[in-house]
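Hello,

Please find the structure we talked about below. My notes come after it.

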Amino acid sequence: MHPRITGTTRIFGLIGAPLKSAKSPMLLNKLFAEAQADAVCIPLEIGAGDLAEFVRGVRAVRNLAGLLVTMPHKQSMLDIVDVLHPTAHQIGAINVVRCDNDGRWVGAVFDGLGCILGMQRQGVSLVGKSVLLIGAGGSGRAIAFAVAAAGARSLVISDLDPHRASDLAHRVAKEGPCAVYTGPADPAGHDIVINATPLGMNPDDPMPIDATRLDPATVVVDIITRSEPTALLLEAQSRGCQTLDGQPMHVGQALLALGFLGFEDIERRYSAGL
């Protein structure tokens with residue numbers, strides 16, 4: 001039995017499907033335990049067709065304090081929450097919901113900002129840098145806006161769907177001074193390369209870029225989280241590149257989500273040195 005669960009424990013659920021590889025409950029419960037917070041995070045596997053029924057019932061749970069949202073519900077939750085945080089408006093997705101005391105649900109997304117925070121905490125600054133982003137899907141979209149906001153000099157977006165890449169580039173370019181383009185997945189000449197595609201999750205996946213084109217000074221980020229480095233990271237390491245896997249982004253997302261959910265003390269404590 002969890003020794004910290006009481007009659008006043010605030011419940012946070014992770015919803016999505018499948019959840020067998022989900023790491024958020026372990027990370028958040030570790031942070032809750034270390035902070036002696038009366039809170040717990042539990043996985044709730046909800047299929048794509050069951051979200052509406054789940055929401056109808058769970059809104060009656062008075063000690064439900066929030067939800068973490070993963071696939072396939074990130075877009076569907078947009079129509080369910082009562083209030084959209086500016087990040088959700090901008091990106092068109094939600095990965096965390098705060099259940100306020102007045103009954104309103106507020107949705108936000110921290111994929112992109114979490115990626116940038118994770119990079120910064122590993123000593124990688126975006127200021128003045130040239131960035132290649134591969135993948136303009138859900139995570140890629142969030143990361144694109146965050147890269148531009150973090151002070152990058154330029155951003156090239158590459159995607160198998162050129163229309164999706166072009167639409168994202170156009171939207172990000174309107175946000176500020178970062179020069180945003182679409183282009184091939186060629187890492188040559190870039191300071192930072194970010195893989196925001198699923199390529200690398202399986203051993204037989206093709207490489208998202210031609211790693212022979214990497215310069216040793218390039219920082220390579222692969223947002224995939226797995227126990228062993230992806231083929232992209234192994235190739236980049238063999239060429240002398242600094243590499244980051246998905247763990248820093250995962251921790252960054254969790255810290256930002258905790259602040260949004262009312263645990264500002266945990267966010268402040270760990271943002272400085274976790």
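This is a predicted model: local features need pLDDT of at least 70, side-chain atom pairs count only at pLDDT 80 or more; totals for chains, interfaces and linings use all residues.

Residues are numbered from 1 along each chain as its sequence is written, and side-chain values use heavy atoms, leaving out hydrogens and water.

A nonpolar core is a set of buried Ala, Val, Leu, Ile, Met, Phe, Trp, Tyr and Cys residues joined through side-chain atoms within 4.5 Å. Buried means under 20% relative accessible area, exposed over 50%, partly exposed in between (1.4 Å probe, protein chains only). The largest nonpolar core has 36 residues, and M119, I143, V147, L155, I157 and I194 touch the most other members. The helix α5 gives the most to this core, seven residues. Helices (H or I, at least four residues) and strands (E, at least two) are DSSP runs, numbered from the N terminus. Apart from this core lies another, of 28 residues, including F110 and F260.

Nine of the twelve residues of α5 are buried, so this helix is largely enclosed by the rest of the structure. Among the buried ones are R141 and F145. Just after α5, G151 has a positive phi of about 100°.

Two arginines sit over rings (CZ of Arg or NZ of Lys within 6 Å of the ring centre and within 35 degrees of the ring normal). R59 lies 4.3 Å from the ring centre of W105, and the charged end of R98 is 4.5 Å from that of F260.

Regards
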